[in-house]
Amino acid sequence: MFSAILYFIAGFLLGHLIPRVPFMVLSRTSGFNKRFPPHPEPIPLSPRLTQRVLHMQLFHKLGTWTTLLPLIFGYVSLLGGLSTFGYGLFLAGGWTLLSRAQVLLGGPPTACTLEMAQRLQMVMNIADSEDACCPHPQPEWWVESVRCASCSKKLETMLRPDLGRPRKDGFFRGWLRLWLSDGHPVVLSDDSQN
Ligand SMILES: [Zn+2]
């Protein structure tokens, strides 16, 4: 009985982890992050940052597809006699698929969205125009908002999600945090700080 529970937990953890591998692992290589300041420093707005937001969205979507793996492996394990392990895999895969499907019903979107990329582009457009906050605007994306590095004006209230940079809090703690947060920002917006 005890080993059955262990098998179930192992299956569930694996099934939960597999769909998150693309965004947790693929984007962390140093070559992919060369042109960004290290985590958790603010990132200057640029077309490259906008592209990164879209890349991260792609990785999250890729993760939804890899949910098929725990579903298939779970099914095979069920057939092959490893029923508790297979059930764990199947349940976690199904759970992930359902939570991702919520987006279609107006649920919370993935951590990085097209709208986010568009808002960043708008801030950059304004910074280049006559309506800029100061003579030398340098918009940067901090954890809780986009602010100008020259005049400190808050340009956009948009929490920064995980953008795929290797994390300062180390491999394991960083990994655990990403796993639990799914890349969503973990701080709450606090206007009194700004
Ligand atoms: Zn400014």
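**Assignments and their criteria**

Q: What makes Cys-112 a neighbour of other residues in the chain, and which residues does Cys-112 touch?
A: Cys-112 touches Val-53, Met-56, Gln-57, His-60 and Pro-161, where residues up to four places away in sequence are not counted. Two residues are in contact if their C-beta atoms, placed from the backbone, lie within 7 Å. The model is predicted: local features need pLDDT of at least 70, side-chain atom pairs count only at pLDDT 80 or more, and totals for chains, interfaces and linings use all residues. Residues are numbered from 1 along each chain as its sequence is written.

Q: Why is Ala-101 called exposed?
A: Ala-101 has 11 other C-beta atoms within 10 Å, so the residue is exposed. By definition a residue is exposed at 12 or fewer such atoms, buried at 20 or more, and partly exposed in between, with C-beta atoms placed from the backbone. Ala-101 belongs to helix H5 (residues 83-101).

Q: What makes a set of residues a nonpolar core, and which members of the largest one touch the most others?
A: The set must consist of buried Ala, Val, Leu, Ile, Met, Phe, Trp, Tyr and Cys residues joined through C-beta atoms within 7 Å. The largest such core has 17 residues, and Leu-45, Leu-49, Val-53, Met-56, Cys-112, Leu-120 and Trp-141 touch the most other members. Two or more residues each come from helix H2 (21-25), helix H3 (47-66), helix H6 (114-128) and strand E3 (146-148). H3 gives the most to this core, with four residues. Another core, of seven residues, lies apart from it and includes Phe-12, Phe-73, Leu-89 and Phe-90.

Q: How is the span of helix H1 (residues 2-17) judged against the expected value?
A: The expected span is 1.5 Å times one less than the number of residues. H1 has 16 residues and reaches 23 Å from its first C-alpha to its last, close to the expected 22 Å.

Q: Why are the buried residues of H1 placed on the same side?
A: Gly-11, Phe-12 and Gly-15 are the residues in question. They cover an arc of only 100° around the axis, and therefore lie on the same side of H1; the arc is that of the directions from the helix axis to the C-beta atoms. Helix H4 (68-80) and H5 are among the elements that cover them. The face turned away from the buried side carries the exposed residues Phe-2 and Ser-3.

Q: How many helices and strands does the protein chain have, and what makes a run count as one?
A: The chain has seven helices and four strands. Helices (H or I, at least four residues) and strands (E, at least two) are DSSP runs, numbered from the N terminus.
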